[in-house]
Amino acid sequence: MTTVREPVTPTAELAVWLASTTEPRPGDLAVGGVPLAEVADRFGTPVYVLDEAEVRDRCRTYRDAFPDADIVYAAKAFLCRAMAHWTAEEGLGLDVCSAGELELAVTTGFPAERIVLHGNAKSPRDLDTALRLGVGRIVIDSPSEIARLAAAVGPDGHQKVMVRVVPGISAGGHEKIRTGTDDQKFGLSIADGYAQHAITRILDQPQLELTGLHCHLGSQITTVKPYLVAVRRMVGLMARLHEQHGLVLPELDLGGGHGIAYRPGEPALDLTALARKVRAELADACTTAGLPVPRLIIEPGRAIAGPAGIAVYRVLSVKHTAGHVFVAVDGGMSDNPRPALYGVRYTPRLIGRHSTAKPTRITVVGRHCEAGDILAADVELPADVRPGDLLAVPVAGAYHLPMASGYNLVGRPPVVAVRDGSARLLVRRESLEDVRSRDVGL
């Protein structure tokens, strides 16, 4: 594809766009040196565009901020073979939640010992696959997993484990993505003693080596304070375990959930402040408790993949009705259910042509047979937007394709990587033949 030359510096309205975003001509945006309109023409729409350099830069930013910690990429945000390869090359570990994610990563060449298996309801296949491939850590999420895992490991086996602890902290951008409180499905609570009881049971299983505690407060957290509270409560639990069992745990996993801005002006978590204050809080808490400082594990997902991705759609229709303007595109809730699930708001932008029309309030909707299939409500777009136009949605690299569905059998979009003026296909478009081949009912 054509390399963009002499780019124009992006304006303030591109604040949440990729660092590599340029506007070589008015209205014609490029990412990674590749015009988005060219990507749409070559690969069709809808299409996800992922900037490889941005992904790698964000991995390095985390490693620089936490030089003495293990950075473990949360694969649930977005995983494909290329993503596994990039994060492995950048020295990150990988957090997976299923046998499927695990197998894809390991068969790509990701070192199994740098993989952590999570999940509140791990299936027998999940555990068997993890043991067969030799994952580094399995995070125990419920008491029933202890006996199941010990039996699967066998009397002569060995597996490193952690315990997911609920610290009783409410944090996150929406009630459906808050996981640090006692009233949700994840982890074992400190308050009711279930975490301590589970740890005692693990210590009775010689084939299970407890290496540390794990907690994850939620997603889209934009302030540092909840993490500092979590450090204090987790170290407090470590101190009680040391007093009761003489146990000194060498690892503390604080999870991820680091918030990013989806629209200009929205807050994002200050990573530099987080790293500085968490290290100081951990050192102080451990000194007070008389414990050595454990090795930190940090699990960013959205903060690495989210800002590195863009979704590109083509406009199918424009409808003026009841005082509203509805612009329908060729994707929707099957490739991005987040607005329907969490009320997430995006800022689409007209690309591929320059419009001099005044901006007007428009609601961008999907093509699916649901009234809730809305991608962006009440956003400003040029008044002359028309069928055939292209709309690009920034910050679309996380929890879009991983949460995609087969609704209306429209097929899931492809993923295209851009870097240094070239584009290549990472994940092909789901075809009707793919759908037909799975349907064996006749």
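The lining of the largest cavity comprises nine nonpolar and three polar residues, with no charged residue among them. In this predicted model, three cavities of 30 Å³ or more were counted, and the largest has a volume of about 70 Å³. Its lining is formed by Tyr48, Val49, Leu50, Phe78, Gly309, Ile310, Ala396, Gly397, His400, Leu401, Pro402 and Val415. Two or more of these residues are given by each of strand S4 (47–51) and strand S14 (309–321). Strand S4 provides the largest share of the lining, three residues.

The second largest cavity has a volume of about 60 Å³. Met238, His242, Leu247, Val248, Leu249, Leu291, Pro292 and Pro294 line this second cavity. By class, seven residues of its lining are nonpolar and one is polar, and none is charged.

One aromatic pair was identified in the model. Tyr262 and Tyr346 adopt an edge-to-face arrangement, with 5.5 Å centre to centre and 85 degrees between the planes. Tyr262 is classed as buried because its relative accessibility is 4%, under the cut-off of 20%. Tyr346, at 1% relative accessibility, likewise counts as buried.

A contact between a charge and a ring was also found: Arg114 is placed over the face of Phe110, at 5.2 Å from the ring centre.

Key. Residues are numbered from 1 along each chain as its sequence is written. This is a predicted model: local features need pLDDT of at least 70, side-chain atom pairs count only at pLDDT 80 or more; totals for chains, interfaces and linings use all residues. Side-chain values use heavy atoms; hydrogens and water are left out. On a 1 Å grid over the protein atoms alone, a cavity is a set of points where a 1.4 Å probe fits but cannot get out, and a pocket is an open set with protein on both sides within 12 Å along at least five of seven lines; lining residues have an atom within 4 Å of a point. Grid points are joined across faces, edges and corners, and a volume is the space filled by probe spheres set on the points. Helices (H or I, at least four residues) and strands (E, at least two) are DSSP runs, numbered from the N terminus. Ala, Val, Leu, Ile, Met, Phe, Trp, Tyr, Cys and Pro count as nonpolar, Asp, Glu, Lys and Arg as charged, and the others, Gly among them, as polar. Rings of Phe, Tyr and Trp (its six-membered ring) pair if their centres lie within 6.5 Å; planes under 30 degrees apart count as stacked, over 60 as edge-to-face and the rest as tilted. Buried means under 20% relative accessible area, exposed over 50%, partly exposed in between (1.4 Å probe, protein chains only). A charge sits over a ring if NZ of Lys or CZ of Arg is within 6 Å of the ring centre and within 35 degrees of the ring normal.
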